[in-house]
Amino acid sequence: MQTKPFRIGTRGSPLALAQASETRARLMAAHGLPEDMFEIVVLSTTGDRITDRSLSELGGKGLFTQELEEGLISGDLDFAVHSSKDMPTKLPDGLRLAAYLPREDFRDAFIGRTAHTLAALPDGATVGSSSLRRQALIRRIRPDINVITFRGLVETRLRKLSEGQVDATLLAYAGLKRLAKEAVVTELLDPEDFPPAPAQGAICVESRIGDARIDALLDPINDRTTYDAVSCERAFLAALDGSCRTPIGGYAVCEGDHLKFSGLILTPDGRKEHSIETEGKRTNAEKLGRQAGEAVRAAAGPDFFEGWS
């Protein structure tokens, strides 16, 4: 029987802490354990410490996970809680994504200061975003808009917006809901026109491969619908060698035993794109995503990817 607390690794942002707390609450309910059986361990990551440059300049998604994964490998942590869209497609040897919590709304939220919708922004307006995907999609829809890199915590970006540094910004609706800040949203963007990042809106739990004790702990909170959808999306991303250096959108929707997937790749200027839709059995979720990524890569050709890295 476990006598000492399970150690949950997380970043220290308000959103990361909210996600770790939700995971802890679900584990407490699933196993009838008290709160003091779970210790939330906060670690600062490189991505948290460096906020004056884009993620693509710094090297991609692993910037938000490396320190937590080192804690898992060393045994200092029992498992770690992440935003799934922050996870690299290739994990360190010995680690895996063992569970996903039920997914929140995966849409992007537009937060306008001078206009309530993206379409209503005046010519030459400035929109801030740290995401190459969002930047490319904005340029695709509104090439007249000035898009700038805009990093920081959710609270920081909202403050910069209120100070007038930009006319609008975009954030994941799921994160705003988890922080009880959904009232700031002025428009929810249709995923058919503005596809989210693969795995957006899903919280994942990373653990060591072969740790039967932790596997048994996490299994009851693993949401199979989210697991299948995100596995498809991450396979699409992996087939494209996708990271924060590449504008890629995609989402899967499960309906019973069936899964539908839509994916899109763009050039950073938003002028060229290739999209795909596919569907099949949920049991083939990962295969469907991988094949969709391979098909898009083949259709786009090698020249499409030049200059992305």
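Biologist: First up, does Ala180 count as buried or exposed?

Modeller: Ala180 counts as exposed, at 65% relative accessibility. The cut-offs are under 20% relative accessible area for buried, over 50% for exposed and partly exposed in between, with a 1.4 Å probe and protein chains only. Keep in mind that this is a predicted model, where local features need pLDDT of at least 70, side-chain atom pairs count only at pLDDT 80 or more, and totals for chains, interfaces and linings use all residues. Residues are numbered from 1 along each chain as its sequence is written, and side-chain values use heavy atoms, leaving out hydrogens and water.

Biologist: Where is Ala180, and what is its phi near?

Modeller: Ala180 is in the loop between helix 7 (173–178) and strand 9 (187–188). Its phi is near 60°, which is a positive value in a residue other than glycine.

Biologist: Let's zoom out. How many helices and strands are there in the protein?

Modeller: The protein has 10 helices and 13 strands. Its radius of gyration is 19 Å, close to the 19 Å that the globule rule gives for 309 residues, so it is as compact as a globular protein of that length. That radius is taken over C-alpha atoms, and the rule is 2.2 Å times the number of residues to the power 0.38. The C-alpha atoms fill a box of roughly 65 × 45 × 35 Å along the principal axes.

Biologist: What percentage of the residues is buried?

Modeller: Buried residues make up 54% of the 309. As for contacts (heavy atoms within 4.5 Å), take those with a separation of 6 or more: residues 24 or more positions apart account for 70% of them.

Biologist: Why is helix 5 described as largely enclosed?

Modeller: Seven of the 10 residues of helix 5 (residues 132–141) are buried, so the rest of the structure largely encloses it. Among the buried ones are Arg133, Arg134 and Gln135. At the start of helix 5, a side-chain oxygen of Ser131 comes within 3.2 Å of the backbone nitrogen of Arg133.

Biologist: Now Asp78. Which loop is that in?

Modeller: The one between helix 4 (66–74) and strand 3 (79–83). Asp78 is buried, at 9% relative accessible area.

Biologist: What does the side chain of Asp78 make a polar contact with?

Modeller: The side chain of Arg213, at 3.2 Å. A polar contact is a pair of N or O atoms within 3.5 Å; within protein, one must be able to donate a hydrogen and the other to accept it, and residues adjacent in sequence count only if both atoms are side-chain atoms. A polar atom of the Asp78 side chain also lies 2.7 Å from the backbone nitrogen of Arg7.

Biologist: And Leu77, buried or exposed?

Modeller: Leu77 counts as buried, at 2% relative accessibility. Leu77 lies in the loop between helix 4 and strand 3. The C-alpha atoms of Leu77 and Val41, 36 residues apart along the chain, are separated by 7.9 Å. Beyond four places in sequence, Leu77 touches residues including Val41, Leu43, Leu68 and Arg208.

Biologist: Another Asp, then. Where does Asp167 lie?

Modeller: In the loop between helix 6 (154–162) and strand 8 (168–172). Asp167 counts as buried at 15% relative accessibility. Its side chain makes a polar contact with the side chain of Thr114 (3.3 Å).

Biologist: Last one: which residues is Thr23 in contact with?

Modeller: Leaving aside neighbours within four places in sequence, Thr23 contacts Phe79, Val81, Leu101, Ile203, Val205 and Ile221. Thr23 sits in helix 1 (residues 14–31), and is buried with a relative accessible area of 0%.

Terms used:
Helix = DSSP H or I, 4+ residues; strand = E, 2+ residues; numbered from the N terminus.
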